[in-house]
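This report walks a new reader through a protein model, from the meeting of its chains to the parts inside one of them. Please look over the sequence and the structure before reading on.

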Amino acid sequence: MKISEKIIEGLLWLSAVITILVTIGIIWVLLSESIAFFQEVSIVDFLTEKEWTPLFADKKFGIMPLVAGTLLTTFIAISVALPIGLTIAVYLNEYAHATLKQVVKPMLEVLATIPTVVYGFFALTVVTPFLQAIIPSLAGFNALSAGIVMGIMIIPMISSLSEDAISAVPRSLREAAYGMGSTRLQTAFGVMVPAASSGIVVSVILAISRAVGETMIVAIAAGQQPRLTLNPLVPIETITTYIVQVSLGDVPHGSLEYRTIFAAGITLFVFTFALNNISFWIKKKYQEKYD
Amino acid sequence: MTNSDRNRLKDKVFQVFGVFCTFIGLVVLAIFLIDIVQEGIARIDWDFLMDLPSRRASSAGILTAWVGTLWLLVLTALISFPLGVGAGIYLEEYSRKTKLSNFLEINIANLAGVPSIIYGLLGLEIFVRQMRLGGSLLAGALTLSLLILPIIIVTTREAIKAVPGSVRDGSYALGASKWQTIWNQVLPASFGGILTGIILALSRAVGEAAPLIVIGALAYVPFTPASPLDEFTVLPIQIFNWTSRPQEEFLTNAAAAIIVLLFITFLLNGIAVYLRNRQQRKIRW
């Protein structure tokens, strides 16, 4: 009896510890392949060179164009999702009837369950032609449509998490604000949003991290041309798209070209890891502020 | 206009803006779904579901894609279920507040935020190269299992946490051991919640294309897989492949395949929501 209980506990422990092995595995895989990469390409060139052409005859290994493409689409996505998502959170909390909130919130969350390859199709076949009618100079593949559609995808992430944060603010604060004669708007943005700011910041950082790592939307709609630009109207390439592009070709295992996807991968990992840890740290630090 | 009039006006204006923002998401969603259905529904027929892929758009079907998707779903569920639920039980019922358990918690939160394409790189090196599974269903299922593990662990823990301590105390009082208590009382009581989490996780896995592209799943597979070691394709990859071709007919095919994929995704999510609601109504401690 005692022994079988111990064995079961051991097995359960093992399945929990597998999660640590996954992390070690990710770091080991990314590091070992990129160390081999950086033995052939200097890390200074990697960080400072302004061109990324590893698949051409004249190879240049500057990650900056890919980082620029990633940041550009992420910036557009957040510019769409933050104002809309935050407004939805405030509206549902301070203005909307409770039943409306109950109906609308799950409906909005449907946006987050749609596979991203489907969003990519949407960006390419609906949003880009629509935008081209307004901006004739817009290229068929561009950062703008991909970014906007990615923004639509992450609206529920920001609105849901921010809404949770705002409704966690104690009632007494809201009542005090109304007692002072504030309007709903003043209560919302003068009291509730600042009081829930840590939760809102966490939602935005997580959304940024999600946008940085998003793959299929940009792979379909943003193009495959690494270029160092802030112009959203032309084709660009993100870190994730590059990894997809190489995976679809037949690059021989162990070659320098093969290793570029791990160098790109570790760059992506460092970005998202930092963002996730910042959000985790903020959450921990401000969690019990009102308890 | 007095100051308070102005504030009241601003309040009204924001209310209108709030309604606008809340519904813009839903309107975009509606436009999108209508557009997809208009473009693709006519293409869906028995032949489309039962035909092999083809270079000619008019005779291309999605048989291998949806069969591959089903295979992958089942394998992923079989692998991730015991691991995720086991880890969830351990963290909730066994682990004490130590440095290790604290680290496990931070680590799982972190894994949930790792982009799916990074899991693809992990799968490519570990499962495809080191374990020599190639671009097989098994390699894909292992990769997706690790990807959804954090979701399953978190929802399992929530479900177990919702079982009140009195149930455990009652079981212990009758002389049950720790595992007997978990197996006979805690797990049955929390099973609805655990199942909800797994279905949600699987619905996420169904839509993934990026990690599978990285491990080398192919767009063109002229046969349906017969064993876990066979090569495969899935609906999202088929859609991606058709989307990246210039011909209009392939876009129609993509739209039709999207309807099938969304049907599976929404079905899984619907089941999860149904289970969650039933669970909430049924249990009164």
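How many residues of chain B are in contact with chain A? The answer is 75 residues of chain B, which touch 72 residues of chain A, where contact means heavy atoms within 4.5 Å.

This is a predicted model, in which local features need pLDDT of at least 70 and side-chain atom pairs count only at pLDDT 80 or more, while totals for chains, interfaces and linings use all residues. Residues are numbered from 1 along each chain as its sequence is written, chains are lettered from A and ligands numbered from 1 in the order in which they are written, and side-chain values use heavy atoms, with hydrogens and water left out.

Two interfaces can be set side by side, using buried area (the accessible area, with a 1.4 Å probe, that two parts lose on being put together, summed over both).

| Interface | Buried area | Share on carbon and sulfur atoms |
|---|---|---|
| Chain B and chain A | about 6,500 Å² | 78% |
| Domain 1 of chain A and domain 2 of chain A | about 1,000 Å² | 81% |

Between the chains, B:Phe14, B:Phe32 and B:Phe240 supply 10% of the area that chain B buries against chain A, more than any other three residues. The rule finds one salt bridge across this interface, a salt bridge being a side-chain nitrogen of Lys or Arg within 4 Å of a carboxyl oxygen of Asp or Glu. Here the side chains of B:Asp11 and A:Arg184 meet in a salt bridge at 3.1 Å, N to O. Helix 1 of chain B, residues 3–40, gives the largest share of the side that touches chain A, with 22 residues; helices are DSSP runs of H or I with at least four residues, strands are runs of E with at least two, and both are numbered from the N terminus.

Within chain A, the domain assignment, which is automatic or taken from a database, gives domain 1 (3–40) and domain 2 (52–286). The centres of these two domains of chain A, taken over C-alpha atoms, are separated by 29 Å, and 10 residues of domain 1 are in contact with 10 residues of domain 2. A:Leu30, A:Glu33 and A:Phe37 supply 58% of the area that domain 1 of chain A buries against domain 2 of chain A, more than any other three residues. A:Glu33 also meets A:Arg259 in a salt bridge between their side chains, at 3.2 Å, N to O.
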